[in-house]
Structure formats: structure tokens, C-alpha cells
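This report looks at a metal site and at a pair of helices. Please keep the sequence and the structure in view while reading.

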Amino acid sequence: MTLRFASLGSGSRGNALLVEFGSTLLMVDCGLPRKVVEERLHAVGRSPRDITALLVTHEHTDHAQGVATFARRYNTPLWMTPGTASAIRELVNVKTLSCHRPLEIGEITIEPFPVPHDAREPCQFVFAAGGRRLAVLTDTGHVTAHMHARLEGCDALAIEFNHDLVSLQRGPYPESLKARVASRFGHLNNAQTSELLTKLGRDRLQWVVGLHLSEKNNTPEQVRESLGPALDGARYPLHLATQDAPTAWHALD
Ligand SMILES: [Zn+2]
Ligand SMILES: [Zn+2]
């Protein structure tokens with residue numbers, strides 16, 4: 001058995017990601033319309049009823065718009081922090097988790113950790129199974145020392161490259177939104193994520209998958225350019241998730 005993951009779509013218009021080990025299939029966020037999630041699940045060879053549990057990072061629409069309808073339709077157990085649960089309407093079947101306490105769902109151990117983002121009680125996750133660790137990190141304004149410690153020694157990172165800072169500043173967003181995105185409680189820009197990657201131990205890294213790229217303030221070329229030396233000669237490939245299609249499955253051998 002191998003721990004593996006696939007993005008069903010990622011960006012400011014919606015996010016959902018799958019993590020699988022053996023018969024345990026977790027979905028992280030359901031920020032796309034339910035029908036779109038169903039189609040993309042089928043595209044990666046899974047169906048809604050295969051999902052063991054749905055974990056929600058925070059209440060923003062691009063992560064939570066499909067949560068309530070999906071969970072009601074398929075009777076999917078939901079897990080999220082109390083703060084996130086308090087901010088999403090019409091939830092059923094919710095179990096709350098602590099940002100500071102690992103939990104096990106099926107054969108996967110989940111280590112939640114808190115992130116600085118402008119939501120009620122946002123968290124992100126490290127998933128561990130079969131001796132491998134996958135970190136999923138989006139929607140954070142900066143990287144705290146605690147987050148850095150959680151991300152150290154992972155075998156794969158699915159991580160936010162939200163914007164190029166200059167493109168954001170020159171781009172079409174209103175000033176208030178620019179300030180929000182670039183703030184310490186907004187989103188990681190290419191330089192921030194690249195710096196994190198150069199500081200993390202990378203010996204075990206098999207995959208880096210870029211998530212939540214802005215369609216207005218970033219390009220795949222800018223992401224690769226920002227990584228520069230951290231990517232050159234690296235043994236891990238960089239794949240970039242897109243808004244409108246799922247990625248392939250990425251296995252942690
Ligand atoms: Zn988001
Ligand atoms: Zn958010």
C-alpha cells in the first residue's frame with residue numbers, strides 16, 4: 001500500500017484534494033460545486049461514496065462551498081475545527097478536531113496545525129501512513145516556526161504558490177483586496193514558498209505540487225522562476241495543480 005494524493009482542482013475559484021492509503025480515502029476541502037467534484041472524482045477513478053471522511057481547512061467559499069450539500073447527499077463524515085464549523089451553514093454529521101492534536105481516520109494519521117489566515121480557526125494538515133508523510137498547506141499569510149517544524153522531513157508537499165508579489169501589486173485587484181492577499185493573514189507568494197522550500201530539509205522529498213495559483217496574479221513560469229536554485233538539480237519534480245482539471249495521482253513510494 002502506498003500513500004498517494006491528487007488535486008481535484010485548485011485556485012481562488014475552488015479547491016479539493018484527495019489523500020488515499022489502502023481503503024481510506026480522505027477529501028480535503030470541497031470548494032467546488034458538488035457536480036464538479038463528482039465529475040472530477042470519476043476522472044481520477046473514484047466515486048463520492050468511496051470517501052471515508054471530508055476534512056475542511058476553513059470556511060472561505062473556495063474551500064467550503066460544496067461541503068454541506070456533498071456531505072448531506074453522501075452522508076460523508078465531516079471533520080473541522082470548532083471555529084470553522086461555526087462559520088459554515090447547514091452542516092450535518094460534523095465532528096470537531098483540535099489544531100494541536102493528531103487524529104486517526106481509517107489507516108491515515110492526520111496531524112492538524114494552525115495557520116495565520118483571515119478565517120475563524122483555519123488549519124492545515126500533515127497526513128502520515130505507511131511510513132510516509134504528506135503535508136498540505138494553502139491559505140496562509142506567512143510561515144510560523146510551528147508550521148515549519150510540522151513541515152520538516154515530509155516526503156511530499158502540496159503547497160500554495162498564490163501570487164507573484166509584483167504581479168499582484170500591478171494587477172487588476174482593488175487596493176483593499178491586494179492588501180488582504182499580501183498581508184500576514186493572506187496568502188503565500190512565490191518568494192515566500194520558495195524560501196520555505198530552501199530552508200526545509202529536502203532529502204526525503206519526492207513531490208512538490210503547487211496549489212492555489214492565482215489566475216490573475218501568477219503564472220507557472222513565474223513559479224518555476226522563483227524556485228530557481230531550489231528546483232535546479234532537485235530530485236523532486238514540481239507539478240502545478242490547475243483550477244479546471246484534476247492532477248494525476250502522486251504516489252509516495
Ligand atoms: Zn483559498
Ligand atoms: Zn482562505
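Predicted model: local features only at pLDDT ≥ 70, side-chain atom pairs only at ≥ 80, totals over all residues.

## The zinc site

The zinc ion (ligand 1) lies 3.7 Å from the zinc ion (ligand 2), and Asp139 coordinates both of them. Asp62 belongs to helix α2 (residues 61-64), whereas Asp139 sits in the loop between β10 (132-137) and α5 (145-151), so the pair ties together parts that are 77 residues apart in sequence.

Are Asp62 and Asp139 buried or exposed? Asp62 is buried, with a relative accessible area of 12%, and Asp139 also counts as buried, at 2% relative accessibility.

## The pairing of helices α8 and α9

Helix α8 (residues 190-199) and helix α9 (residues 220-231) have axes that come within 9 Å and cross at roughly 25°. Since angles under 35 degrees count as roughly parallel, α8 and α9 are therefore roughly parallel to each other, and the crossing in which α8 passes α9 is right-handed.

The contact between the two helices brings Asn190, Ser194, Leu197 and Thr198 of α8 together with Gln222, Val223, Ser226, Leu227 and Ala230 of α9.

Notes: Residues numbered from 1 in each chain as written. Chains lettered and ligands numbered in written order. Heavy atoms only, no water. Donors = N, O, S within 2.8 Å, 3.2 Å for Na, K, Ca; no water. Helix = DSSP H or I, 4+ residues; strand = E, 2+ residues; numbered from the N terminus. Buried < 20%, exposed > 50% of the residue type's maximum accessible area, 1.4 Å probe, protein only. Axes fitted to C-alpha atoms, helices over the stretch in contact; angles between N-to-C directions. Parallel < 35°, antiparallel > 145°, perpendicular 65-115°, else oblique. Left-handed = near helix turned anticlockwise from the far one by under 90°. Contact = heavy atoms within 4.5 Å.
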